[in-house]
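Colleague: I am new to reading protein models. Could you take me through one, feature by feature?

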Amino acid sequence: MQFAKSVRSQVTGAAPSVTGSTGKAGMPTSTDWPVAASDARAALPETVISVSALRMAFGDLEAVRGIDVEVHRGEVFAFLGPNGAGKTTTVEILEGYLKRTAGEVSVLGIDPEHANADWRERVGVVLQESAVEPDLTVTECLNLYGGCYGAPRPVDEIIELVGLTEKAHARGGSLSGGQRRRLDVALALVGDPELVFLDEPTTGFDPSARRAAWDMIAGLQALGKTIFLTTHYMDEAEHLADRICVLAGGEIVGEGTPQSLGGRESAPSEISFTLPSGVTQSELPAALPALMLENHDRVELRTDTPVDALSTLCAWAKDHGHDLADLEVHRPTLEDIYLRLTEGSG
Amino acid sequence: MSVAVAPKSHVVHRSSAALVAHQLHYDALTFLRNRQGRFFTLALPVVFLVIFCALFGNGTVHVLGGTMKESTYYVPGLVGFGLIQAAFANLVVSVTAQRETGVLKRRRSTPEPAWVLIAGRALLAVATAAVIAALLVFLGVIAYGATPPGRTIPAIAVTIAIGAMAFCALGYALVTAINSADSAQPVIQMVMLPLYFISGVFVPESQIPHWLRDIANVFPVRHLQQALLKAFNPHTVGAGFAWSDLLVLAIWGAVGLAIAVRRFGWQPKVR
């Protein structure tokens, strides 16, 4: 786990503001869990899912190659990775559908291979693919599923939560793709679970449907649910997740908050601008960090101290009367980090 | 690694009977709204009865103890056909579709015990089989004069009950051997059509060569047809129970149940 170490050293060296925006306890992020636990025992919240050294092989194909995951109560945890990374395999092991090849798994204190009715009362599952009951209405379908649970939530409330009130009496077969997906989520919620698995909940959605789904998932967290999300959309993970785990080729290649993943917060900033006409590269202030020239006149530079670099650059531009109208400061996006982490896999 | 768990305190488990009734209610609703299911289950046997009696109704057929009108002969055979459509064919198509589209897989994530789902679906199959059988018997009586002797009515009821349960179990067994929703209907036809022809359902048994009848005797369709025919045969003496045929049906049902319980799958075979 050489990579995990490098991630950790970058993260622990980071500023404390990392976790501020998502409101989670300020615990260090690492794939090396026992160490993390001893570092921040006081802040460690209740563990809902714990996975260690999980392996899954289908014949000769090793879909999951020894991963460790820990999910805490009340957080949105995202499994991010390219298709075929092992996301769904892992989730289906956690949901009790697949028997693992090796490793330890505990979900709500129980090994999902031995799941019983009491455990299923507390877990909601949205599968990657599952048809609706085409001949039942939304309300009937929810009544059918609600009747399977000891203490279901009121069906009207669930329909409103997923935004299907107008379709409450429409047959499943008449719903659009986005509406069916919302019904999938509603069916997973009707039993009032503590833990909800969402396997690629917005695949195939148009942008506005995706936004609506995100609002809904954020609403679930507000209800105190723990959410295990898989997705291959970077923006989805960034928008929703408290913590992200990047899976590629059956291995975890990075873990952290959306802001800290892969050392994102401490990665150098990129400053770029177009050279004013008539100015050559050699006329730029010598104090600037190493420059790269793209397309003859586009200057790019990377710096760990963007304020210094910018003030040098701006003072120079002001003195010489240049506008630098297209000056840009660029932070690495989650996508940049993700592509770097998953490079060479899948 | 310790994992703390706060148990959900307010869970109240419903009684098994209430769970099965709940399941049956929605299975019945689904069935009544499904046009294809309704047609293959309810309309086809009636259509067949009308056509067969129109085509061949005026002839006579040799049966045990004498002869009977062909229109009277076809009624018990097509009651058996209707029963198999309801308890077997419809069940195989809908359960396979539910498995392949992930409906069963999703249902597996609820705390409902597996057997409730199976029991609900099986009860629906037996109930629809009873309804379609009653409809065909009624049609036979009023339209074709195929009035069974009053003393054999208990035998008819028992035969329909045993037949429906046996074919329901065989249906669940066949589902485990079908790999995709698209192949369910063809597989059913492959299995059942030849049996209908050689078992005296579509063709009077006096026209079927002995060697074919011997083959048919191995399979449950002929035994269902024979048991129903005995109850409808005006020459039958006594209560009309065909015990040996019912025993063979029960054995087939038990084998089907054993296979179904052993091999039942919740997850799609085609991924």
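Modeller: Start with strands. Two strands pair if DSSP finds at least two bridges between them. Helices (H or I, at least four residues) and strands (E, at least two) are DSSP runs, numbered from the N terminus. In chain A, strand S5 and strand S6 (residues 195-199) run parallel and are joined by four bridges. A:Val125 stands opposite A:Phe197 in S6(A).

Colleague: What kind of model is this, and how are residues numbered?

Modeller: This is a predicted model: local features need pLDDT of at least 70, side-chain atom pairs count only at pLDDT 80 or more, and totals for chains, interfaces and linings use all residues. Residues are numbered from 1 along each chain as its sequence is written, while chains are lettered from A and ligands numbered from 1 in the order in which they are written.

Colleague: In what order do the strands of the open sheet in chain A stand?

Modeller: Strands of a sheet pair through backbone hydrogen bonds, either parallel or antiparallel. Here six strands of chain A form an open sheet, in the order S5-S6-S7-S3-S8-S9, with mixed pairing. S5 (123-126) and S9 (251-256) of chain A stand at the edges with a single partner strand each, so one side of each has no neighbour in the sheet.

Colleague: Which strands of the sheet does H7(A) touch?

Modeller: Angles run from 0 to 180 degrees between N-to-C directions, with axes fitted to C-alpha atoms, for helices over the stretch in contact. Contact means that C-beta atoms, placed from the backbone, lie within 7 Å. H7(A) packs on the sheet and touches S5 and S6 of chain A; its direction makes about 165° with that of S5(A).

Colleague: Where is the hairpin?

Modeller: Look at S1 (residues 47-58) and S2 (residues 61-72) of chain A, which pair in the antiparallel sense over nine bridges. They form a hairpin with two residues between them, and A:Gly59 in the turn has a positive phi of about 60°. The bridge partner of A:Leu54 in S2(A) is A:Ile67. S1(A) also pairs with S4 (residues 102-107) of chain A, in the antiparallel sense, over five bridges.

Colleague: How many residues of chain A are in contact with chain B?

Modeller: The count is 31 residues of chain A, in contact with 26 residues of chain B. H4(A) gives the largest share of the chain A side, four residues.

Note on methods:
Contact = placed C-beta atoms within 7 Å.
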